[in-house]
Amino acid sequence: MIVLGIETSCDETAIAVVREGREILCSEIISQIAIHQPFGGVVPELASQEHCSHILPLLQRALKQAHLSLSEIDLLAVTYGPGLMGALLVGVNTAKALALATKKPLVGVNHVEAHLYAALMSTLTPPPFPCLGVILSGGHTALVLVEDLTQYFLIGQTIDDAIGEAFDKVAKMMGLGYPGGPIIERLAKQGNDTAYSFRAGSVKEQEFAFSFSGLKTAVLYSLSSPLTEDIQRDIAASFQRAAFQDVLKKTTRAAQKWGISHLLFGGGVTNNCSLKTLFEQQAPHLICHWPTPHLSLDNAAMVAGLGFHRYQLFGATDPLSLEPMARIPFQKLP
């Protein structure tokens with residue numbers, strides 16, 4: 001089965017063609033970083049406009065890259081949430097129009113679940129279920145018990161900033177530009193990660209919840225004038241260490257509590273080499289499944305891949321009345 005995936009949940013317009021849930025025939029992405037850079041973050045209205053401009057030319061480019069016509073596509077899969085409502089509307093309505101015109105089946109895919117599936121696409125040997133899902137991105141930070149490809153139960157999530165958002169905001173405070181994650185990582189490599197005693201927050205009576213707003217405020221209070229390059233490096237290193245140590249601590253505790261040895265990572269923050277090294281060195285008993293760099297960022301290949309499995313399990317359960325959802329809460333633990 002050949003699946004066409006569409007992803008427009010935030011600021012990447014993405015279309016991919018995937019065979020049998022794993023073989024990527026093409027994966028095309030148009031980034032909007034240059035558009036949003038002057039604002040230090042994503043402007044929803046601009047993101048929607050850019051999606052409208054790019055999605056149909058990108059569809060033609062993707063089909064050409066895959067050496068396929070639209071008639072050879074068997075299934076359409078589209079991100080219906082969570083994400084920016086205006087951005088999601090572009091992708092969902094494009095998918096519905098294609099389904100109506102071609103009479104192809106349509107499935108809606110949860111963007112966050114697709115991020116976890118990206119780790120499965122990146123490994124030759126799929127791990128046994130249940131797994132512990134670790135979602136670390138600009139919009140989401142959560143620990144999820146993954147029973148299988150249809151059941152995801154929330155263990156803990158951020159109560160304020162997502163970890164990627166915190167990286168962006170810290171970079172903005174220091175005048176470093178956007179997106180902040182790669183910049184902070186680069187500076188941190190040359191800094192002293194014990195120069196500042198930063199700590200991520202804890203949440204009362206929520207052992208596995210995350211809170212990065214206090215950590216971000218601590219960075220703000222540490223900024224001095226002039227902000228030399230050495231100080232920037234030390235702040236970046238200390239901030240990154242505090243954020244990742246918090247992720248490591250809560251992830252290992254959750255894995256121990258639920259007796260899980262396999263971790264599925266998803267989201268753009270998982271590209272950070274220091275994060276991977278931290279888990280390798282301090283949690284060698286856990287088997288980490290990381291998405292490849294291309295699949296860690298927002299992309300349509302992971303949407304098409306998970307869409308294939310959802311169709312195999314449930315059929316085309318999403319009619320043309322499918323509507324986007326800005327938020328999709330995980331199920332609570334039984």
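Analyst: Arginine 233 and aspartate 230 share helix H8, which covers residues 229-257, and they sit 3 residues apart, about one turn of the helix. Their side chains meet in a salt bridge, with 3.3 Å from N to O. Please keep in mind that this is a predicted model. Elsewhere, salt bridges that share partners tie Asp161, Glu165, Lys169 and Lys216 into one network.

The side chains of aspartate 161 and lysine 169 form a salt bridge at 3.3 Å, N to O. Aspartate 161 is buried, at a relative accessible area of 7%, while lysine 169 is partly exposed, at 30%. In general, side chains of opposite charge can pair when their charged atoms come close.

For a pair that reaches across the sequence, turn to arginine 61 and glutamate 28, whose side chains meet in a salt bridge of 2.9 Å, N to O.

Stepping back to the charges as a whole, the structure holds 9 salt bridges. There are 24 positive and 29 negative side chains in the protein, and the centres of the two sets lie 3 Å apart.

Helix H8 also has a part in covering another helix. In helix H6 (residues 180-188), the buried residues are Gly180, Ile183, Ile184, Glu185, Leu187 and Ala188. Their cover includes H8, together with helix H5 (163-173) and helix H9 (273-282).

Valine 78 lies in strand S4, residues 75-81, and has 0% relative accessibility, so it counts as buried. Leaving aside neighbours within four places in sequence, valine 78 is in contact with Ile6, Gly91, Val92, Ala95, Leu106, Val107, Gly108, Val109, Val303 and Leu322. For one of these, alanine 95, the C-alpha atom is 6.4 Å from that of valine 78, although the two residues are 17 apart along the chain.

Now for the overall fold. The protein has 11 helices and 13 strands, and its C-alpha trace spans about 60 × 45 × 30 Å along the principal axes. A compact globule of 334 residues would have a radius of gyration near 20 Å, and the protein has 20 Å, so the two agree. Buried residues make up 52% of the 334 residues. Of the contacts between residues at least 6 apart in sequence, 74% join residues at least 24 apart. The accessible surface comes to about 14,500 Å², and 53% of it belongs to carbon and sulfur atoms.

Notes
Residues are numbered from 1 along each chain as its sequence is written. This is a predicted model: local features need pLDDT of at least 70, side-chain atom pairs count only at pLDDT 80 or more; totals for chains, interfaces and linings use all residues. Side-chain values use heavy atoms; hydrogens and water are left out. Helices (H or I, at least four residues) and strands (E, at least two) are DSSP runs, numbered from the N terminus. The radius of gyration is taken over C-alpha atoms; the globule rule is 2.2 Å times the number of residues to the power 0.38. Buried means under 20% relative accessible area, exposed over 50%, partly exposed in between (1.4 Å probe, protein chains only). Contact means heavy atoms within 4.5 Å. Accessible areas come from the Shrake-Rupley method with a 1.4 Å probe; for residues, only the protein chains shown count as cover. Lys and Arg count as positive and Asp and Glu as negative; His and the chain ends are not counted. The place of a charge is taken as NZ of Lys, CZ of Arg, CG of Asp or CD of Glu. A salt bridge is a side-chain nitrogen of Lys or Arg within 4 Å of a carboxyl oxygen of Asp or Glu.
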